[in-house]
Amino acid sequence: DFDVAGVIADPVVEIYPMGAVNPIAANDDWEDDANAAETAAVAAVVGAFALDPGSGDAALVIRLEPGLYTAQVSSADSQAGVALVEIYLLP
C-alpha cells in the first residue's frame, strides 16, 4: 500500500529493554492478539494508518517505563525483507 518493495510478508515485532535477551512484548499478527480492538482504536487516535483485516501486520500497544528499548522486527518465516516501523506516544 505504501509502494515499498520487498516487504516482509509476515512480520513479528518484539520489544526489548536495554541489555535484555528476552522480549517484554511481542506480536505476530495484530488480529490474533487479545487486544486487537484496542490496537485498531489506538491506531486511529494517533493518526497511524489503518490495520487492515487479514493483513498479517504486527502491532503492539504497550506502556513502557522511562528507559531505553529496542524494537526488533523479523520475519515469522525467516524470510529477508523490508519493514516499516512506526512508534507513537499515546496521549
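User: So pLDDT is the predictor's confidence in each residue, from 0 to 100; what does the chain average?

Analyst: The chain averages a pLDDT of 91, and 99% of the residues score at least 70. This is a predicted model, in which local features need pLDDT of at least 70 and side-chain atom pairs count only at pLDDT 80 or more, while totals for chains, interfaces and linings use all residues. Residues are numbered from 1 along each chain as its sequence is written, and side-chain values use heavy atoms, with hydrogens and water left out.

User: OK, on to N27. Where is it, and is it buried or exposed?

Analyst: N27 belongs to strand 2, which covers residues 25-27, and N27 is buried because its relative accessible area is 6%. The cut-offs are under 20% relative accessible area for buried, over 50% for exposed, and anything in between for partly exposed, using a 1.4 Å probe and protein chains only.

User: Which backbone nitrogens does its side chain meet?

Analyst: A polar atom of the N27 side chain lies 3.3 Å from the backbone nitrogen of W30, and the N27 side chain also reaches the backbone nitrogen of A59 at 3.1 Å.

User: Changing topic: how much space lies in the largest pocket?

Analyst: The largest pocket holds about 1500 Å³ of space. Its lining has 45 residues, and those closest to its centre are A58, A59, L60, V85 and E86. A pocket here is an open set of points on a 1 Å grid over the protein atoms alone, where a 1.4 Å probe fits and protein lies on both sides within 12 Å along at least five of seven lines, and lining residues have an atom within 4 Å of a point. The points are joined across faces, edges and corners, and the volume is the space filled by probe spheres set on them.

User: Which elements supply that lining, and what classes of residue does it have?

Analyst: Strand 1 (11-17), helix 1 (36-46) and strand 3 (69-75) each supply at least two residues, and helix 1 gives the largest share, with five. By class, the lining has 34 nonpolar, four polar and seven charged residues; Ala, Val, Leu, Ile, Met, Phe, Trp, Tyr, Cys and Pro count as nonpolar, Asp, Glu, Lys and Arg as charged, and the others, Gly among them, as polar.

User: What about strand 3 itself, say S75: buried or exposed?

Analyst: S75 is found in strand 3 and is buried, with a relative accessible area of 13%. Its side chain makes a polar contact with the side chain of D77 at 2.4 Å, and a polar atom of the S75 side chain lies 3.2 Å from the backbone nitrogen of Q79. A polar contact is a pair of N or O atoms within 3.5 Å; within protein, one must be able to donate a hydrogen and the other to accept it, and residues adjacent in sequence count only if both atoms are side-chain atoms. Not counting residues up to four places away in sequence, S75 touches I8 and D10.

User: And T70, what does that touch?

Analyst: T70, also found in strand 3, is partly exposed at 46% relative accessible area. Apart from residues up to four places away in sequence, T70 touches E14, I15 and Y16. T70 and P17 are 53 residues apart in sequence and 6.4 Å apart in space, C-alpha to C-alpha.

User: Which residues does A76 contact?

Analyst: A76 is found in the segment after strand 3 and, leaving aside its neighbours within four places in sequence, is in contact with D10, V12 and D28.

Terms used
Helices (H or I, at least four residues) and strands (E, at least two) are DSSP runs, numbered from the N terminus. Contact means heavy atoms within 4.5 Å.
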